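Please take a moment to look over the protein shown below.

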Amino acid sequence: MANCKLALLRALADGRSHSSQELRDRLLLDAVMLEQSVQELRKLDLAIQGSADGNLTLLEPLELLDDDEIISGLDHSARTWLSRLEVHPLIDSTNSYLLTQAGMDWSSGTVCLAEMQQIGRGRQGRSWLSPFGASLALSLLWRFKAPSAAVGLSLATGIAVARVLRQVGVAGVGLKWPNDVLCQGRKLGGILLESGNSPGGFYVVAGIGLNVALPRTVATAIDQPWIDLREILGEECVSRNRLAALLISELLTSFALFQENGFSEELAVAWQHFDVVAGRRVTLKLPNNVIPGIARGVDGSGALLLETVDGQWVPYLGGEISLRVDQT
Ligand code: ATP
Ligand code: BTN
């Protein structure tokens, strides 16, 4: 993102009215450059209102991400696990970025955040909407000895996210196996784990998207019920920088622990607490099959236990599986 666009956005982020003259003097822009920057910001769905007398106002004030503020908000023990933090204004996808950069031998504890993803990705080729400054789009890179050492990590990630949400005041946060973060039955966030191999060994990139305050106009593109923290917390809505610091702290601590213990008994118990499908009639959609049953929590590896029509409890472990709760 060009520097003058970002500088203009920083100047307008407070949501107050600024005269064109003040902005031009402050940012050392001529009238044409100022106008071009305004147009480019509008293309990112940022609502900038221009008045007849040349004043400019960003209609939804923004709290931009600030790496220093995030780092100073990390808890002490987590800080030792952070090896790199990058904050990008615009990126295709924080997951794609870390998957590519992992080959550079970046180590466990590398975190990438973005104000906006232009090609945010969900599971199985679906897309994830993350408009500018309106959500948290975060990815964490971690290296493991072998793929088997990361089994259940997706659930551990969900638990870390849910704990942070509870800490900032979200009541009734739930997890739908394997990766959906729900509140009031609507999607508040999503988790996408991807992996690869580089000369430095096997690695996982855990991507988390959380809705903070989605512009209503942009969110019409989401084709399922969704919710954001602004709707849940109202005036008490958490600062994005604080949320990022809490989330990174919890993730780093959880991943370090997971590296030692894998999907532990403690995590299986924590999952039960947030599990929104346990005991409910569900349908599992596999690539070539659809299986009805009753969800019975997870086993010791994080696999979903499905009680099938013949009464057996069958484990299903990730991959291209979607779970749908049956409507009664
Ligand atoms: P599954 O249960 O298999 O995970 P899903 O419908 O939740 O299925 P995902 O791949 O997990 O699919 O998530 C992508 C979907 O999430 C998109 O197809 C869209 O419906 C929805 N979505 C995209 N952006 C957002 C967002 N910012 N907030 C909430 N939901 C979103
Ligand atoms: C899902 O529910 O399918 C998962 C959505 C995951 C979205 C996050 S946002 C940060 C990271 N980068 C991506 O492109 N996707 C994940």
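A polar contact is a pair of N or O atoms within 3.5 Å; within protein, one must be able to donate a hydrogen and the other to accept it, and residues adjacent in sequence count only if both atoms are side-chain atoms. With that in hand, look at Gln-117: one of its polar side-chain atoms lies 2.8 Å from a nitrogen atom of ligand 2.

Before going further, a word on the source. This is a predicted model, in which local features need pLDDT of at least 70 and side-chain atom pairs count only at pLDDT 80 or more, while totals for chains, interfaces and linings use all residues. Residues are numbered from 1 along each chain as its sequence is written, chains are lettered from A and ligands numbered from 1 in the order in which they are written, and side-chain values use heavy atoms, with hydrogens and water left out.

**The two ligands**

Which residues are the closest to ligand 2? They are Ser-93, Gln-117, Arg-121, Arg-123 and Lys-187, out of 20 residues that surround this ligand. (A residue is near a molecule or strand if one of its heavy atoms lies within 4 Å of it.) For ligand 1 there are 17 residues around, and Arg-123, Arg-126, Lys-187, Asp-223 and Ser-322 come nearest.

| Protein atom | Ligand atom | Distance |
|---|---|---|
| Ser-93, polar side-chain atom | ligand 2, oxygen | 2.8 Å |
| Thr-94, polar side-chain atom | ligand 2, nitrogen | 3.2 Å |
| Gln-117, polar side-chain atom | ligand 2, nitrogen | 2.8 Å |
| Leu-129, backbone N or O atom | ligand 1, nitrogen | 2.9 Å |
| Ser-322, polar side-chain atom | ligand 1, oxygen | 2.5 Å |
| Arg-324, polar side-chain atom | ligand 1, oxygen | 3.0 Å |

Taken alone, ligand 1 exposes 620 Å², and the protein buries 93% of that. Ligand 2 taken alone exposes 420 Å², of which the protein buries 98%. These accessible areas come from the Shrake-Rupley method with a 1.4 Å probe; for residues, only the protein chains shown count as cover.

Where does the shell around ligand 2 come from? Helix 6 (94-101), strand 6 (135-144), strand 9 (186-198) and strand 10 (201-211) are the elements that give two or more residues to it. Strand 9 provides the largest share, 4 residues. (Helices, H or I with at least four residues, and strands, E with at least two, are DSSP runs numbered from the N terminus.)

The shell residues can also be sorted by type. Ala, Val, Leu, Ile, Met, Phe, Trp, Tyr, Cys and Pro count as nonpolar, Asp, Glu, Lys and Arg as charged, and the others, Gly among them, as polar. Around ligand 2 there are 5 nonpolar, 11 polar and 4 charged residues; around ligand 1 there are 4 nonpolar, 6 polar and 7 charged.

**Domains and annotations**

UniProt, in an unreviewed entry, lists residues 20-39 as "DNA-binding region". That span is 85% helix and 0% strand, with its end C-alpha atoms 14 Å apart. The UniProt annotation "domain: BPL/LPL catalytic", also from an unreviewed entry, covers residues 64-259. Its span is 32% helix and 29% strand, and its end C-alpha atoms lie 32 Å apart. UniProt positions follow the numbering used here, feature names are shortened, and annotations may be inferred rather than shown by experiment.

**Strands and backbone details**

Two strands pair if DSSP finds at least two bridges between them. An open sheet is formed by 3 strands in the order 1-3-2, with antiparallel pairing. Strand 1 (18-19) and strand 2 (48-50) stand at the edges with a single partner strand each, so one side of each is left without a neighbour in the sheet. Strand 2 is joined to strand 3 (residues 55-58) by 3 bridges, and Ile-48 has Leu-58 as its bridge partner in strand 3.

Elsewhere, 4 bridges join the antiparallel strand 13 (residues 304-307) and strand 14 (residues 313-316). Their hairpin has 5 residues between the strands, and there Gly-311 takes a positive phi near 85 degrees.

Asp-45 has a positive phi of about 65 degrees although it is not a glycine. Finally, the peptide bond from Trp-177 to Pro-178 is cis, with omega near 0 degrees; Pro-178 sits in the loop between strand 7 (174-176) and strand 8 (180-183).
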